[in-house]
Amino acid sequence: MAQEGALLWKTVIEIADKVCKKYGLSYGKLLPETRKAVRFYGECRSCDRCCNSPVIDAKNCSDKILSIRIHQLKNPNKALATVTILRTLAHELAHLKVWRHGLDHAAFEKELVEFMKEEGYF
């Protein structure tokens, strides 16, 4: 199962890089979510440097850290559905352009999902 997870994670990174290249987005790190008690499917946060600085606006951090959960909480040996992982990825990547949730974020997320569909990932 570890090999399957590694292959799945490699695919997530490849998709993220392809989306970022098309839309001119960038992030600092893309990590698999490993916290046992996580309640969310993904997270986009500013890097520690920006979070801890009184002069840098964390929402404009260009080194954002993305975390995506790929395994079920109750069964960590089983991956989430591909559609769930990809929609979560699109949601977190949308934060690289539109920080706050709202209509602009939802519209950009939808655009990213459509691109992923055109590329055959769904």
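Visitor: Which residue in E3 is the bridge partner of proline 32?

Guide: Happy to. The bridge partner of proline 32 in E3 is isoleucine 68. Before we go on, a word on the ground rules: this is a predicted model, in which local features need pLDDT of at least 70 and side-chain atom pairs count only at pLDDT 80 or more, while totals for chains, interfaces and linings use all residues. Residues are numbered from 1 along each chain as its sequence is written, and side-chain values use heavy atoms, with hydrogens and water left out.

Let us start with the sheet. Three strands make up an open, mixed sheet in the order E1-E3-E2 (strands are DSSP runs of E with at least two residues, helices are runs of H or I with at least four, and both are numbered from the N terminus; two strands pair if DSSP finds at least two bridges between them). Strands E1 (29-32) and E2 (42-45) are at the edges with a single partner strand each, so one side of each has no neighbour in the sheet. From one strand to the next, the twist averages 15° (angles run from 0 to 180 degrees between N-to-C directions, along axes fitted to C-alpha atoms, for helices over the stretch in contact).

Now to the two pairings. E1 and E3 are parallel and share four bridges. E2 and E3 (residues 65-68) run antiparallel, also joined by four bridges. On that side, isoleucine 68 of E3 stands opposite glycine 42, and serine 67 of E3 is the bridge partner of glutamate 43. Within E3, Ile65 and Ser67 point one way and Leu66 and Ile68 the other, and all are buried (under 20% relative accessible area; exposed is over 50%, partly exposed in between, with a 1.4 Å probe and protein chains only). In a regular strand, side chains alternate between the two faces of the sheet.

Next, what covers the sheet? Helix H3 (residues 82-94) lies across E2 and E3, at about 165° to E3. Isoleucine 68 turns up again here: leucine 89 touches Val12, Ile15, Ala16, Ile68 and Met116, leaving out residues up to four places away in sequence (contact means heavy atoms within 4.5 Å). Leu89 is also, with Leu30, Leu93, Leu96 and Met116, one of those touching the most other members of the largest nonpolar core, which has 26 residues (a set of buried Ala, Val, Leu, Ile, Met, Phe, Trp, Tyr and Cys residues joined through side-chain atoms within 4.5 Å). Helix H1 (2-23), E3, H3 and H4 each supply at least two residues of this core.

The side chain of histidine 105 reaches the backbone oxygen of histidine 91 at 3.2 Å. Phenylalanine 115 is also found in helix H4 and counts as buried at 7% relative accessibility. Not counting residues up to four places away in sequence, phenylalanine 115 touches Lys18, Val19, Lys22 and Tyr23.

To put all this in context, the protein chain has four helices and three strands, following the pattern α-β-β-α-β-α-α along the sequence. Of its 122 residues, 39% count as buried.

Notes: Polar contact = N/O pair within 3.5 Å; in protein donor to acceptor, adjacent residues only side chain to side chain.
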